Every structure is written in structure tokens, then in C-alpha cells.
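I opened this model to see how the chain is arranged. My notes follow in the order in which I looked things up.

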Amino acid sequence: MPSEKEIRARLKPGCICKGIKLHTILSAIENGADSYEEVARRTNIGGGSCNSRRCREKVNSLLLKKNQ
Ligand code: FES
């Protein structure tokens, strides 16, 4: 059974432009993606109308938290 944190991550947006949920990004990071470019390659985020500004910021923040 998924935890409450996992359920919330499934509902939250990750890349709004592409309609990709946060849990997809979190899963890529948990499975070893260690840069925005690698997360984008694995999840197909980025390249939307915001020019990746929003999801890049989110991914970089998640990577920083992971590495603290
Ligand atoms: S939010 Fe990901 S490309 Fe705009």
C-alpha cells in the first residue's frame, strides 16, 4: 500500500507543460538520475512552453535536498 507521501506525489504536478506528475520525477531521482538532464531523459519532462524553467527549478531543488 502506498504511503501518504507517495499518494500526494502522484497527484502533484512535476512538469506542468508536459503533464508529468511529481512521482515520475521522484522515481527517476531515486533510481539514480543525478542531474536535470538525466531526469529529463528518463521522464520526458522539459521542452514545454516555459522552456523547462519550472520543472528545472523543481528538479534542481529535489536534487539539492537529496544531496544534503
Ligand atoms: S514545466 Fe516542464 S517544460 Fe514547463
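I began with one side of α4, where Arg53, Glu57, Ser61 and Leu64 are exposed. I note for the record that the model is predicted.

I then looked up the buried residues of α4 and found Cys55, Lys58 and Val59. They cover an arc of only 95° around the axis, so they lie on the same side of α4. I checked what covers these buried residues, and the cover includes β1 (13-15), α2 (22-30) and α3 (36-43). I also looked at the length of α4, which runs over residues 53-66 and has 14 residues. From first C-alpha to last, α4 reaches 20 Å, close to the 20 Å expected at 1.5 Å a residue.

Just after α2, I found glycine 32 with a positive phi of about 110°.

Last, I took the protein as a whole. I counted 4 helices and 2 strands, in the pattern α-β-β-α-α-α along the sequence. I noted that buried residues make up 22% of the 68 residues. The C-alpha trace spans about 35 × 25 × 15 Å along its principal axes. I compared the radius of gyration, 11 Å, with the value near 11 Å for a compact globule of 68 residues, and the two agree. Among contacts between residues at least 6 apart in sequence, I found that 40% join residues at least 24 apart.

Conventions
Residues numbered from 1 in each chain as written. Predicted model: local features only at pLDDT ≥ 70, side-chain atom pairs only at ≥ 80, totals over all residues. Expected span 1.5 Å × (residues − 1). Buried ≥ 20, exposed ≤ 12 C-beta atoms within 10 Å, placed from the backbone. Arc of directions from axis to C-beta. Contact = placed C-beta atoms within 7 Å. Rg over C-alpha atoms; globule rule 2.2 N^0.38 Å.
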